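Hi,

Here is the structure I promised to pass on to you. Have a look at it first, and then read on for what turned up in it.

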Amino acid sequence: MLHPSYTDLINAVNSGVEDGDEPVVQSRYSIVIATAKRARQLIGGEDPMIHASRDKKPLSVAVEELYEQKVKILSEDDSENDASENDAPEETD
């Protein structure tokens with residue numbers, strides 16, 4: 001069983017959203033994608049944003065980071081705005 005539950009994770013991620021605004025996460029699918037992406041970052045060598053013991057798997061750490069609101073999920077519109085504000089060049093292959 002996943003702890004915290006999907007509902008708890010969705011509520012934690014959306015807790016900073018003001019009334020009337022669209023929630024950042026609206027489905028379990030969004031939580032799964034965000035958690036998997038963060039777990040891949042941890043596997044790739046990024047440092048955890050929480051105190052994590054070595055025996056915890058990257059996915060468990062990613063779930064805790066989301067629940068404790070250490071990681072922010074950006075909508076596609078927000079991520080595009082952040083890239084343009086920072087004048088970051090887009091990578092092309």
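Glutamate 65 touches Arg38, Leu42, Pro48, Met49, Ile50, Lys70 and Val71, leaving aside residues up to four places away in sequence; contact here means heavy atoms within 4.5 Å. Glutamate 65 sits in helix H3 and is buried, with a relative accessible area of 0%. Buried means under 20% relative accessible area, exposed over 50%, and partly exposed in between (1.4 Å probe, protein chains only).

Before going further, please keep in mind that this is a predicted model, where local features need pLDDT of at least 70, side-chain atom pairs count only at pLDDT 80 or more, and totals for chains, interfaces and linings use all residues. Residues are numbered from 1 along each chain as its sequence is written, and side-chain values use heavy atoms, with hydrogens and water left out.

Now the overall picture. The protein chain has four helices and zero strands; these are DSSP runs (helices: H or I, at least four residues; strands: E, at least two), numbered from the N terminus. Of the 93 residues in the protein chain, 23% are buried.

The largest nonpolar core has 10 residues: Leu9, Ile10, Val13, Val25, Ile31, Ala34, Val63, Leu66, Val71 and Ile73. Such a core is a set of buried Ala, Val, Leu, Ile, Met, Phe, Trp, Tyr and Cys residues joined through side-chain atoms within 4.5 Å. Two or more of its residues come from each of helix H1 (6-13), helix H2 (28-43) and helix H3 (58-67), and H1 gives the most, with three residues. A second, separate core has five residues, including Leu42, Ile50, Val61 and Ala62.

How do H1 and H2 pack? Their axes are 10 Å apart, at an angle of about 80°. The axes are lines fitted to C-alpha atoms, for helices over the stretch in contact, and angles run from 0 to 180 degrees between N-to-C directions. H1 and H2 are therefore roughly perpendicular to each other, a label for angles of 65 to 115 degrees (under 35 is roughly parallel, over 145 roughly antiparallel, the rest oblique). Tyr6, Leu9, Ile10 and Val13 of H1 meet Arg28, Ile31 and Val32 of H2.

Glutamine 69 has a positive phi of about 60° although it is not a glycine, and is partly exposed, with a relative accessible area of 46%.

Best wishes
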